[in-house]
Amino acid sequence: MSSKSMINVAYELMLKKRKSVTFLKLWEDVATMMGFTPQQEEDNIAQFYSDMSLDDRFVCVGNNEWDLRSRHTFNEVVVDTDDLIIEEADDDGDYEEEEPIKEVIIDDYN
């Protein structure tokens, strides 16, 4: 088993590949390099995905393909958050426009 972290093994593999690769292919290669058993693969895949998502050396380039951020321009990898629409669900899980909260002032000092 490798003494390196999963994410560092992935980084080294990506340096050698020189192109984007699907997450599952990269995971298979990392698991092989780490010497994982099938159970260890199952136990670690979610952590690996989280690590890739949070590590700024990697970027998802679409279609669940990942590459090294250094191979892409800023405009290729940055999402314009102004275009995102975020809706909040109510207690029932429905997405509805909520009524504004009315402010009530209580004067306890009289």
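1. A salt bridge is a side-chain nitrogen of Lys or Arg within 4 Å of a carboxyl oxygen of Asp or Glu. K4 and E12 meet this definition through their side chains, with 2.8 Å from N to O.

2. The model is predicted, so local features need pLDDT of at least 70 and side-chain atom pairs count only at pLDDT 80 or more, while totals for chains, interfaces and linings use all residues. Residues are numbered from 1 along each chain as its sequence is written, and side-chain values use heavy atoms, with hydrogens and water left out.

3. How many salt bridges does a search of the whole structure find? The search finds 5.

4. Accessibility is sorted as follows: buried is under 20% relative accessible area, exposed is over 50%, and partly exposed is in between (1.4 Å probe, protein chains only). K4 counts as partly exposed because its relative accessibility is 39%. E12, at 33%, also counts as partly exposed.

5. K25 and D29 form a salt bridge of 2.9 Å, N to O. Both lie in helix α2 (residues 23–34), 4 residues apart, about one turn of the helix. Helices here are DSSP runs (H or I, at least four residues), numbered from the N terminus. K25 is partly exposed because its relative accessibility is 36%, whereas D29 is buried because its value is 15%.

6. The pair in helix α2 belongs to a network of salt bridges that links K17, K25 and D29.

7. R57 and D55 form a salt bridge, with their closest N and O atoms 2.8 Å apart.

Definitions and conventions. Helices (H or I, at least four residues) and strands (E, at least two) are DSSP runs, numbered from the N terminus.
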